[in-house]
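Here is a short report on one protein chain. Look over the sequence and the model before reading on.

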Amino acid sequence: MDQTEKLHAQIHKITELSNILTNLLSERSLCDTEVTCELFFRYVDSVQDHLKKTDADLYAELLDHSDAHKNKIADLFISGSKEIKRIFGAYTKKWCNLSKQELRIKKYDQFYAETIEMFELILNRLQDE
């Protein structure tokens, strides 16, 4: 499997998890289940892994290219990647206990709204890639 196919597989996996979690998390009683938490943290790990791999592989390759347009695109994606990592990190810090793989939901409506917003941010980024 080449690099592009690997990235497409990651994007598909993240999109699938996002769609499933959108439905599961819409029901408050399902948020604290073991299965939902496992899927949620699989999503978190997948997003973090994808962002690392695109930074290391895809953007590094574009930056090495002699085409100024490709270099500019890579620069834009890298700066966007830094911002997404910052936002995603703040989100997970607020709502997750990463070491215990638990969600910390005290205000469900706020959690759900921010989660949907985060899913949309990540999906928009994946679509741009």
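Begin with Cys96, which is buried, with a relative accessible area of 4%. Here buried means under 20% relative accessible area, exposed over 50%, and partly exposed in between (1.4 Å probe, protein chains only).

This is a predicted model, in which local features need pLDDT of at least 70, side-chain atom pairs count only at pLDDT 80 or more, and totals for chains, interfaces and linings use all residues. Residues are numbered from 1 along each chain as its sequence is written, and side-chain values use heavy atoms, with hydrogens and water left out.

**Cysteines**

The structure holds 0 disulfides, a disulfide being a pair of cysteine sulfur atoms within 2.5 Å. For Cys96, the nearest cysteine sulfur is that of Cys37, 8.8 Å away. Cys31 also has Cys37 as its closest cysteine: the sulfurs are 8.4 Å apart, too far for a bond. Cys31 is buried, at 0% relative accessibility.

**Overall layout**

The protein chain has 4 helices and 2 strands. These are DSSP runs numbered from the N terminus: helices are H or I with at least four residues, strands are E with at least two. Along the sequence the pattern reads α-α-α-β-β-α. The C-alpha atoms fill a box of roughly 55 × 30 × 25 Å, taken along the principal axes. Of the 129 residues, 33% count as buried.

How confident is the predictor? The pLDDT is its confidence in each residue, from 0 to 100. The mean pLDDT of the protein chain is 88. In the chain, 91% of the residues reach 70 or more. Among the elements, helix H3 (residues 68–95) has the lowest mean pLDDT, 84. Helix H4 (residues 108–128) has the highest, 95.

**Aromatic rings**

A pair of aromatic rings is described by the distance of the centres and the angle of the planes. Rings of Phe, Tyr and Trp (its six-membered ring) pair if their centres lie within 6.5 Å; planes under 30 degrees apart count as stacked, over 60 as edge-to-face and the rest as tilted. By this rule the structure has 7 aromatic pairs. Two of them are set out here.

| Pair | Centre to centre | Angle between planes | Class |
|---|---|---|---|
| Phe40 and Tyr91 | 6.4 Å | 45° | tilted |
| Phe88 and Tyr91 | 6.4 Å | 25° | stacked |

Phe40 lies in helix H2 and Tyr91 in helix H3, so their pair ties together parts that are 51 residues apart in sequence. Phe40 and Tyr91 are buried. Phe88 and Tyr91 are both in helix H3, 3 residues apart, or about one helical turn. Phe88 is buried as well.

Which residues form the aromatic cluster? Phe40, Phe41, Tyr43, Phe88, Tyr91 and Phe119 form one.

**A cavity**

Rolling a probe the size of a water molecule over the atoms shows where empty space is left. On a 1 Å grid over the protein atoms alone, a cavity is a set of points where a 1.4 Å probe fits but cannot get out; lining residues have an atom within 4 Å of a point. Grid points are joined across faces, edges and corners, and a volume is the space filled by probe spheres set on the points.

The structure holds 1 cavity of 30 Å³ or more. The largest cavity has a volume of about 30 Å³. Its lining is made by Val47, His50, Leu51, Ile122, Arg125, Leu126 and Glu129. Helix H2 (34–63) and helix H4 are the elements that give two or more residues to this lining. The lining divides into 4 nonpolar, 1 polar and 2 charged residues. In this count Ala, Val, Leu, Ile, Met, Phe, Trp, Tyr, Cys and Pro are nonpolar, Asp, Glu, Lys and Arg are charged, and the others, Gly among them, are polar.

Most residues other than glycine have a negative phi. Gln101 has a positive phi of about 55° although it is not a glycine. Gln101 sits in the loop between strand E1 (96–97) and strand E2 (102–103). Gln101 is partly exposed, with a relative accessible area of 38%.

Thr54 lies in helix H2. Thr54 is buried, with a relative accessible area of 0%.

His8 belongs to helix H1 (residues 3–25). Is His8 buried or exposed? At 52% relative accessibility, His8 counts as exposed.

Notes: pLDDT is the predictor's confidence in each residue, from 0 to 100. On a 1 Å grid over the protein atoms alone, a cavity is a set of points where a 1.4 Å probe fits but cannot get out, and a pocket is an open set with protein on both sides within 12 Å along at least five of seven lines; lining residues have an atom within 4 Å of a point.
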